[in-house]
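Subject: Structure handover and notes

Hello,

Here is the structure I said I would pass on. My notes on it follow below.

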Amino acid sequence: MSEKRMFSKTIVLSDAFLDMPMSARCLYFTLSMFGDDDGFVNSPKAIMRQCGASDDDLRVLFGKKFILPFESGVIVIKHWRINNYLRADRYQPTKYLEEKEMLKVDDNGAYTMRTAEEIETAKKEKSVKKLTEKKDRVLKIRTPKVCPICKTKLEDSSGGCKTSWYCMKCSDELTYHNGKWDFWDSKKEKKS
Ligand SMILES: [Zn+2]
């Protein structure tokens, strides 16, 4: 985790920020110092007590949307990405992945809660991506470069999809089926 934390003037000199009681502002700075590299803080209550802030101060920060709460008790600094710029080589991703999945980053760079629908869509997209990656990996491993019969270099006959290959010499096509590469024509012959 990075040693230093930054604060953007746009945020901490805004009217909305300066209108808050000093204790709430102090709590904001303290929470921000404890945030991980994605702005998540896992023990806001303990930090609150440590700096002598009250529940009210935490409530003010929630109310003014300077911090966003999660059911798990973890909170996130809403304008973290506006406040902080971290070098990619020093960045350590947060441990609070479940919470992070509930967030999106708006055009200004502020965290915003995703709607239930958006969370569902993001989850689906992620699982589709995982599946595609897995499929790609399997195909990469299994894709034959030469014909198993005559050792001639095979041509991709699926238009780059790498699902079927053609051997010019055997005049036969290999297809991926049930985890194996099979000759299309010989298979047909076997069946008939
Ligand atoms: Zn062949």
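A residue is called buried if 20 or more other C-beta atoms lie within 10 Å of its own, exposed if 12 or fewer, and partly exposed in between, with C-beta atoms placed from the backbone. Helices (H or I, at least four residues) and strands (E, at least two) are DSSP runs, numbered from the N terminus. This is a predicted model, in which local features need pLDDT of at least 70 and side-chain atom pairs count only at pLDDT 80 or more, while totals for chains, interfaces and linings use all residues. Residues are numbered from 1 along each chain as its sequence is written.

Strand β7 and its surroundings

Strand β7 (residues 164–167) has Trp165 and Cys167 on a covered face and Ser164 and Tyr166 on an uncovered one. In general, side chains in a regular strand alternate between the two faces of the sheet. β7 runs antiparallel to strand β6 (residues 155–156), to which two bridges join it; two strands pair if DSSP finds at least two bridges between them. Tyrosine 166 in β7 has glutamate 155 opposite.

Leucine 154 is in the loop between α8 (116–142) and β6. It is buried, because 22 other C-beta atoms lie within 10 Å. Two residues are in contact if their C-beta atoms, placed from the backbone, lie within 7 Å. Leaving aside neighbours within four places in sequence, leucine 154 has contacts that include Trp165, Tyr166 and Cys167, as well as Pro144, Lys145, Val146, Cys147 and Leu174. Leucine 154 and methionine 168 are 14 residues apart in sequence, and their C-alpha atoms are 7.4 Å apart.

Serine 171 has a positive phi of about 50 degrees, although it is not a glycine. Most residues other than glycine have a negative phi. Serine 171 counts as exposed, because it has 8 other C-beta atoms within 10 Å.

Helices α3 and α5

Two packed helices are described by the angle between their axes and the distance between the axes. Helix α3 (residues 22–34) and helix α5 (residues 55–63) have axes that come within 9 Å and cross at roughly 75 degrees. α3 is therefore roughly perpendicular to α5. Axes here are lines fitted to C-alpha atoms, for helices over the stretch in contact, with angles from 0 to 180 degrees between N-to-C directions. Angles under 35 degrees count as roughly parallel, over 145 as roughly antiparallel, 65 to 115 as roughly perpendicular and the rest as oblique.

On the α3 side the contact is made by Ser23, Ala24, Leu27 and Tyr28, and on the α5 side by Asp57, Leu58, Val60 and Leu61. By class, this contact has six nonpolar, one polar and one charged residues. Ala, Val, Leu, Ile, Met, Phe, Trp, Tyr, Cys and Pro count as nonpolar, Asp, Glu, Lys and Arg as charged, and the others, Gly among them, as polar.

Which residues of α5 are buried? They are Asp57, Leu58, Val60 and Leu61. Seen down the axis of α5, these residues fall within an arc of 155 degrees, so they line one face of the helix. The arc is that of the directions from the helix axis to the C-beta atoms. Asp55, Arg59 and Gly63 are exposed on the other side of α5. The buried residues of α5 pack against α3, α4 (44–50) and β2 (67–69).

From α5 to the sheet

Lysine 65 is in the loop between α5 and β2. Its phi is positive, about 60 degrees, although lysine 65 is not a glycine. Lysine 65 counts as partly exposed, because it has 14 C-beta neighbours inside 10 Å.

Three strands form an open sheet in the order β1-β3-β2, with antiparallel pairing. β1 (40–41) and β2 stand at the edges, each with a single partner strand, so one side of each has no neighbour in the sheet. β2 is joined to strand β3 (residues 75–77) by three bridges. Proline 69 stands opposite isoleucine 75 in β3.

Two further residues

Alanine 46 lies in helix α4 and counts as exposed because it has 10 C-beta neighbours inside 10 Å. Alanine 46 and valine 146 are 100 residues apart in sequence and 64 Å apart in space, C-alpha to C-alpha.

Threonine 112 is in strand β5 (residues 111–113). Not counting residues up to four places away in sequence, threonine 112 touches Leu103, Lys104 and Asp106.

Regards
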